[in-house]
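Biologist: I would like to learn how to read a model of this kind. Please take the features one by one.

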There are 2 protein chains.
Amino acid sequence: MAGKNPIRFTDTTLRDGHQSSLATRMRTEDMLGLAERLDNAGFWAIEVWGGATFDVTHRFLGEDPWERLRTLKKFIKKTPLMMLLRGQNLVGYRHYPDDVVDAFVKYTADCGMNVFRVFDALNDIRNFEASFKALQDCKKQGLDVHIQAAVCYSLTQRRMGGEVFTKEYYVDFAKRSEAMGADSFCLKDMAGMVSPYDAFELISALKAAVKIPVEFHTHYTSGQGSMSYLKAIEAGVDIIDTALSPFALRTSQPAIEPILVTVEGTERESAIDLATMIGLGQDLEKVAPKYRDFLDTSKMSIIDTGVLLHQIPGGMYSNLVSQLKQADALDRILEVMEDLPRTRKELGYPPLVTPTSQIVGIQAVQNVLFGRYKMITGEVKGMAYGLYGRTPAPMDKEVQKICLKGYERGEEPISCRAADEIEPELEKAREATKGLAKNIGDVLIYAIYPTTGLRYLKWKYGVEPVPEEVKPIELDRIKMQDDVYNRI
Amino acid sequence: MAGKNPIRFTDTTLRDGHQSSLATRMRTEDMLGLAERLDNAGFWAIEVWGGATFDVTHRFLGEDPWERLRTLKKFIKKTPLMMLLRGQNLVGYRHYPDDVVDAFVKYTADCGMNVFRVFDALNDIRNFEASFKALQDCKKQGLDVHIQAAVCYSLTQRRMGGEVFTKEYYVDFAKRSEAMGADSFCLKDMAGMVSPYDAFELISALKAAVKIPVEFHTHYTSGQGSMSYLKAIEAGVDIIDTALSPFALRTSQPAIEPILVTVEGTERESAIDLATMIGLGQDLEKVAPKYRDFLDTSKMSIIDTGVLLHQIPGGMYSNLVSQLKQADALDRILEVMEDLPRTRKELGYPPLVTPTSQIVGIQAVQNVLFGRYKMITGEVKGMAYGLYGRTPAPMDKEVQKICLKGYERGEEPISCRAADEIEPELEKAREATKGLAKNIGDVLIYAIYPTTGLRYLKWKYGVEPVPEEVKPIELDRIKMQDDVYNRI
Ligand SMILES: [Co+2]
Ligand SMILES: [Co+2]
């Protein structure tokens, strides 16, 4: 029985759940057995799309991302569907022009998407403008869309505070989001670094500052996730993001089941039925073995304690290691780890999230291997120029000058909205896919991922055969592997 | 820097950590690389012995359990060593006579054990008497021992309360423990069922009721473990039990690392160094692959949500399933799950812990398969007679009468301390091991485990060869397995 102020849940099993724990490999066919029961469970929203799913479906699974969305919409009719939208990056890794953003957002809404969670890797709120505008257009057309602004939680020290990412920084961002027309606000802790008492303090402040609902999204990565949710619930957070236990914990969201029992008997008690969640989890276990090879089993520990010490997301750390290995310089990892905070500071403290974590990481490696800013990547030059937007803190003036020396677009950084610098691309994409694309969805696959998108369209329309490795694995094959392993 | 009232930690990595996650298989040789650094870390205690380790060392590892203790004591000199003692069951699965208890406790203290955590499966405090008395003798002899009384946390419904296991039940037990001379008190939640707000309420009550330090031991099993620790810390608990992250979570203890960061900046901040813990975890990861085959990977989920629903520990549930499978009656599992609470109530609500969980489970299966109490196990008859002690609630009078009808020891249940019914056994054990046993430790191995104990003594003294399967696995072999698997 729900309490006076029940905590609401967004279920992430079908998006962030398998993206975080199984490299986004879950196929639509394996989602359908759960979809209707998820719809009836009483979630605030069900996250099913966006993030890496658009990339992985068409690249590795031979699935049409739009078809996945339309199919799920047939089964999930009552509960709002949610997607993660990387602001001007949409579901890709670079800034797209406004015409592509506009077409993408509107077609996604047409296919049945409801809650658009929009974030920007630099927390430059101007990078929300194009998608917010498109969403407001959708509303005017009577589409049932909900605009959620998300801020990336970032740290420059072990706990919240320091020079840049203060409580006031997030509160200010929330207020500006509300003023821009956001229907709700999300504290997005993609690396699982929010500490429980910081969650309490920050959620309390956010609740006091804005009228729109506040949602909290964290990952279990550092092992603090469920404790942070508990303190956020005590601070009055409206919605939290959880996954069914088989796809929860590790680097994914905290699991819903223990939280349901925890809040029983309090005013935050949820009406969601524990037995229903457990039944869904049992069914999820039945298909899970198909994806087990994507589970990271390299370590016994299921949490990443390193992230507590140096605030470097686990994925970023492994990237540094593999870069250094390629350069045959793994022995310099400690130097890189020391350089990294310095490079990050010089580059204006970008949050460490896709793609900024890669950009900062690669530059730190080059700073160590070749001397500081002797080699500068194109991405760092672009960031110095302003192509990704405004960094949370100003860049170091000297470093910025070095980065922009002889830069093709100009030596003076821009101060306008980044996308104002990008030419429209939609017409070119229509041209390039003429005779192959049958609708704007096809065109957008190409517009966002030209190489793998075009290859996918050829598979889709039978121009090229679908390769074996893209086809689903059968449970029989898993059983056979087990039998062989047990005989070794 | 420690706060005003720092939370203290017992590290369980070398006992409950691997007992819970790796079937107790960690070998002494792999502990030694960590031992000195653990000793310097600032733990309240380090749990290294007791529980299942005595059984597994001599049975599966070909290791002398006493030798393990003496070896660890050489490396861990400053921090108190802790063991788990099953009251009159010592480190076995049945009640031993007082002479064996006395000799066991005293020899263990001689070998360097400090903190004896004593519990009883029925929470019959009279089953503490013999071991407490032996420990008090040790104190008189100047040995550095600490008596910790532990109560088994048990539930008859989803959350604390109901007819039997109320807050008052635990508080009363703590007061009686203190009066009996316990130096500290432990709330022992072996199935990981304490819910965070119940932890807050119960720990608050315990802290108000007794003067001795209160320790809280839980398991991550249900996914509530770290949240429960957080609320217990807020309620003023003195000590919590954690493991290094590689051997933490799953069915083991919560991990220490995220808790250290969580309490930073509060008055419960610990002086234990995070970087030291992470370094120890990294070294533990290096030996962990040797034991990976003991990790339960049958499910994707790393928590057991079923325990939230029906309060049946995961291990007990799998036992029920395998019993029913053997009887070719797996289709009756739901009936058994329904019968179980009824049978448990009739048997006086024993906590579901070794060995009572097995006793209750087997009887419930027989009740379903053959009719209620048509077949009665010897253990249930013994429990009805009082051989395990007093049950938390009285047994159902009718059921007790049926159980004792024609019982060999008598049809009237006893009301005295259970061990008063058991004849001394130590002299017989000395006789049986004559010519083989070289000290009281050897005799005790036989006294507690006659069959496997005698076999072990023969290995130890070269009377029989040590079989291959008892020898340690090398890391090279793990690498070879990986290579083969990757080629399948
Ligand atoms: Co996420
Ligand atoms: Co335990």
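Modeller: We go through the contact between the chains, then the symmetry, then some single residues. Keep in mind that this is a predicted model.

Biologist: How is the size of an interface stated, and what area do chain B and chain A bury between them?

Modeller: The size of an interface is often given as the accessible area lost when the parts come together. Here chain B and chain A bury about 4,500 Å² between them. Of that area, 67% is on carbon and sulfur atoms.

Biologist: How many residues does the contact take from chain B and from chain A?

Modeller: The contact takes 50 residues from chain B and 50 residues from chain A.

Biologist: How many salt bridges are there between chain B and chain A?

Modeller: The count is 4 salt bridges between the two chains. One of them joins the side chains of Arg158(A) and Glu264(B), at 2.5 Å from N to O. For polar contact, the count between chain B and chain A is 21 residue pairs, both residues being at pLDDT 80 or more.

Biologist: Which helices of chain B supply at least two residues each to the side that touches chain A?

Modeller: Those helices of chain B are helix 8 (196-209), helix 9 (225-234), helix 10 (257-263), helix 11 (274-287), helix 12 (306-310) and helix 21 (475-487). By residue class, the side of chain B that touches chain A divides into 26 nonpolar, 12 polar and 12 charged residues.

Biologist: Now the symmetry. What rotation superposes chain B on chain A?

Modeller: A rotation of 180° does it, with 0.0 Å of shift along the axis and an RMSD of 0.0 Å. The two copies are therefore related as by a two-fold rotation axis. Both copies use the same surface, since 100% of the contact residues of chain B recur in chain A.

Biologist: Which residue of chain B comes closest to the rotation axis?

Modeller: Met227(B) does, with its C-alpha at 2.5 Å from the axis.

Biologist: Let us turn to backbone geometry. Where is there a cis peptide bond in chain A?

Modeller: The omega angle is the value to read. In chain A, Thr354(A) and Pro355(A) are joined by a cis peptide bond with omega of about 0°. Pro355(A) sits in the loop between helix 14 (333-346) and helix 15 (356-370) of chain A. In chain B, the bond from Thr354(B) to Pro355(B) is cis, with omega near 0°. Pro355(B) is in the loop between helix 14 (333-346) and helix 15 (356-370) of chain B.

Biologist: What is the phi of Ala23(A), and what is the phi of Arg250(A)?

Modeller: Ala23(A) has a positive phi of about 50° although it is not a glycine. Ala23(A) belongs to the loop between helix 1 (13-21) and helix 2 (28-40) of chain A. Arg250(A), not a glycine either, has a positive phi of about 50°. Arg250(A) is in the loop between strand 8 (239-242) and helix 10 (256-263) of chain A.

Biologist: Is Arg250(A) buried or exposed?

Modeller: Read the relative accessible area against the cut-off: buried means under 20%. Arg250(A) has 12%, so it is buried. Ala23(A) has 31% and is partly exposed.

Biologist: Where is Tyr291(A) placed, and which residues does Tyr291(A) touch?

Modeller: Tyr291(A) is in the loop between helix 11 (274-287) and helix 12 (306-310) of chain A. Tyr291(A) counts as buried, at 4% relative accessibility. Leaving aside residues up to four places away in sequence, Tyr291(A) touches Leu22(A), Arg25(A), Met26(A), Arg27(A) and Asp30(A).

How values were computed. Residues numbered from 1 in each chain as written. Chains lettered and ligands numbered in written order. Predicted model: local features only at pLDDT ≥ 70, side-chain atom pairs only at ≥ 80, totals over all residues. Heavy atoms only, no water. Contact = heavy atoms within 4.5 Å. Buried area = accessible area lost by both parts, 1.4 Å probe. Polar contact = N/O pair within 3.5 Å; in protein donor to acceptor, adjacent residues only side chain to side chain. Helix = DSSP H or I, 4+ residues; strand = E, 2+ residues; numbered from the N terminus. Nonpolar A, V, L, I, M, F, W, Y, C, P; charged D, E, K, R; others polar. Least-squares fit on C-alpha atoms with pLDDT ≥ 70 in both. Buried < 20%, exposed > 50% of the residue type's maximum accessible area, 1.4 Å probe, protein only.
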